Amino acid sequence: MSVRRRTSGTESPAARIRGLRKAFGERLVFDGLDLDVARGERVAVLGASGCGKSTLLRCIAGLERSDAGTIATAGEIGVMFQEPRLFPWLDVACNVGFPARDDAERARVPSVLALVGLAHAARRLPKELSGGMAQRAALARALVRDPHLLLLDEPFAALDALRRIELRAAVHEILTLTRASAILVTHDVDDALAIADRVIVLAGSPAEVAFTGNVGETATRSAILDALGVIENGGHARVRGRT
Ligand SMILES: Nc1ncnc2c1ncn2[C@@H]1O[C@H](COP(=O)(O)OP(=O)(O)O)[C@@H](O)[C@H]1O
Ligand SMILES: [Mg+2]
């Protein structure tokens with residue numbers, strides 16, 4: 001079931017995808033995918049490895065060409081990946097300011113560094129950062145153009161449990177402060193429930209939206225696990241159809 005947050009009459013959604021088709025050679029990843037993200041909405045995308053989550057984000061970000069369909073986005077897009085992808089020869093402030101196109105955007109560097117808790121590390125090189133700090137720098141870089149839509153591709157996956165919880169809280173707080181819309185790809189149901197307003201599960205080949213529900217309504221932990229084909233049995237979990 002799909003329940004969308006209402007946007008004001010004249011506002012276009014943060015993203016509107018219609019009839020997305022994308023193939024890599026014989027591998028048809030999407031064939032007619034539709035997805036809307038409302039302004040300010042945070043959507044978590046879950047699904048089996050290889051189902052097309054990163055491809056979806058890359059198509060929205062314009063990093064990958066779709067074969068058919070339309071992708072409409074309103075305003076600036078910021079992207080963050082599993083790895084920080086910082087230039088090793090540039091300090092944190094220069095990495096964060098790298099996507100800035102003008103003085104006004106460059107002037108945002110100190111404030112986005114402060115937002116992610118890295119004001120003290122502006123002059124450090126990437127090799128002088130912990131994994132969690134490097135991901136914070138990547139988050140600051142994604143924010144420097146003041147995006148309307150943040151695309152987050154498993155941004156916590158490479159972090160240890162504690163750093164993961166810290167960064168998750170920071171992302172949640174920043175999305176609340178900036179009111180940016182977000183699409184968060186994650187393997188972790190708890191990430192989705194902590195950050196998202198709505199959870200979708202992609203499944204199939206070509207992939208379709210197999211489940212969509214609002215957090216606090218139909219997107220409960222057990223409903224999401226069920227849509228992912230995970231059967232919980234006491235403390236044990238297994239994937240349906242696998243032993
Ligand atoms: N550049 C590429 N060239 C060929 N196949 C690709 C490429 N990128 C992704 N794929 C294939 O497309 C499918 C979806 O990949 P991906 O979007 O990375 O999955 P996910 O992020 O859900 O794990 C997979 O079968 C993958 O092998
Ligand atoms: Mg991926």
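**Ligand shell, domains and helix packing in a predicted model**

The largest share of the shell around ligand 1, three residues, is supplied by helix 1, where helices (H or I, at least four residues) and strands (E, at least two) are DSSP runs numbered from the N terminus. The structure is a predicted model, in which local features need pLDDT of at least 70 and side-chain atom pairs count only at pLDDT 80 or more, while totals for chains, interfaces and linings use all residues. Residues are numbered from 1 along each chain as its sequence is written, and chains are lettered from A and ligands numbered from 1 in the order in which they are written.

Around ligand 1 are found Phe24, Arg27, Val29, Gly47, Ser49, Gly50, Cys51, Gly52, Lys53, Ser54 and Thr55, a residue being counted as near if its C-beta atom, placed from the backbone, lies within 6 Å. At least two residues of this shell come from each of strand 2 (27-37) and helix 1 (53-61). By class, the shell holds three nonpolar, six polar and two charged residues; Ala, Val, Leu, Ile, Met, Phe, Trp, Tyr, Cys and Pro count as nonpolar, Asp, Glu, Lys and Arg as charged, and the others, Gly among them, as polar.

The domain assignment, which is automatic or taken from a database, gives domain 1 (10-75 + 148-243) and domain 2 (83-146), and their centres, taken over C-alpha atoms, are separated by 25 Å. In domain 1, 10 residues are in contact with 10 residues of domain 2, contact meaning that the C-beta atoms, placed from the backbone, lie within 7 Å. On the side of domain 1 that touches domain 2, helix 6 provides the largest share, six residues, and this side comprises eight nonpolar, no polar and two charged residues.

Helix 5 (residues 131-143) and helix 6 (residues 161-178) pack at an angle of about 20 degrees with their axes 10 Å apart, the axes being lines fitted to C-alpha atoms over the stretch in contact and the angles running from 0 to 180 degrees between N-to-C directions. Helix 5 is therefore roughly parallel to helix 6, a description given to angles under 35 degrees, whereas those over 145 count as roughly antiparallel, 65 to 115 as roughly perpendicular and the rest as oblique. In this packing, Gly131, Gly132, Gln135, Arg136 and Leu139 of helix 5 meet Arg163, Glu166, Leu167, Ala170 and Val171 of helix 6.

Note on methods: Contact = placed C-beta atoms within 7 Å.
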